[in-house]
Amino acid sequence: FDIDDLINRMTGAGRPQNTKGGRSAAPSEDIEFSVNVTLEEAFRGSSQRINVTVEDVCLECMGVGQKRDNRGRFDLSGRGCPRCNGTGRIRSPRSGQINIPAGAWEGLRLKLSGEGAADARGRRGDLYIVIHILPHKVYEREGQDLYFDVKIPYTIAALGGEITVETIDNIRKQLVIPPGIQSGQKLRLAGQGMPALRDQKVGDAYAQVQITVPRDLSPRERTLLDELAQIRKDSIRK
């Protein structure tokens, strides 16, 4: 394919509309093909080889589906074309390399002009590559923003502190935890989301706090927590 990095973001759902016409007209057609990419591939940009089969017009019968006689005329007896079995179309396998742009989102469509199915005059429709982003085990994506959970010990949650987190591009960042943070609160890492693409700006990453409570308290820790509960007048179970 000659892709030329042509990216068209198209609105509306569903398959591109095919050119209308009768069987004998054998119109060119737009083809839609989906590719799966990981979130990391969508973040960095990637290259992927695809194999797709398009239905081209049968050149033996020019899309009519009828057998020709030895003079090149169509057989009026109704016998079908032996090459396409009377369908007027033949399956044409093709392959090529496509470039997934950095910042690609779910449903982004890449338009490959003239790579769809051909009509009897050799004119081709377009091939639309639709991007499908695979689920990630750590990050959830909303637009160009990324969300991930981060576990914080209850002591740091109460007193404040710093923890180390890793971004999607494997960069370690220090995250400042304000004292008194609550479970479910989000801490923003500016500019650490998905890259900008077309009308989308650079996204941010958000660490969603999950406060952890130890199950294996030492005697000393239990004593200190008992004292804290008494100071705060918390009713605890002895």
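## A buried cysteine

Cys-61 sits in the loop that runs between strand E2 (46-57) and strand E3 (89-100). The model is predicted. Cys-61 has a relative accessible area of 0%. Buried means under 20%, so Cys-61 counts as buried.

Which residues does Cys-61 touch, leaving out those up to four places away in sequence? They are Gln-66, Arg-68, Phe-74, Cys-81, Cys-84 and Gly-88. Two cysteines, Cys-81 and Cys-84, are among them. Arg-89 is 28 residues from Cys-61 in sequence. In space, the two lie 9.1 Å apart, C-alpha to C-alpha.

## The largest pocket

The largest pocket holds about 290 Å³ of space. Its lining is made up of Tyr-154, Thr-155, Ala-158, Leu-159, Val-213, Pro-214, Leu-217, Glu-221, Leu-224, Leu-225 and Leu-228. Two elements give two or more residues each to this lining: helix H2 (154-159) and helix H3 (219-231).

## An exposed arginine

Arg-172 belongs to strand E9, which covers residues 172-177. Is Arg-172 buried or exposed? Its relative accessibility is 61%. Exposed means over 50%, so Arg-172 counts as exposed.

Arg-172 still has contacts beyond its neighbours within four places in sequence. Its partners there are Thr-164, Val-165 and Glu-166.

Conventions: Residues numbered from 1 in each chain as written. Predicted model: local features only at pLDDT ≥ 70, side-chain atom pairs only at ≥ 80, totals over all residues. Heavy atoms only, no water. Helix = DSSP H or I, 4+ residues; strand = E, 2+ residues; numbered from the N terminus. Buried < 20%, exposed > 50% of the residue type's maximum accessible area, 1.4 Å probe, protein only. Contact = heavy atoms within 4.5 Å. 1 Å grid on protein atoms, 1.4 Å probe; cavity = no way out; pocket = protein on both sides within 12 Å on 5 of 7 lines; lining within 4 Å. Points joined across faces, edges and corners; volume = space filled by probe spheres on them.
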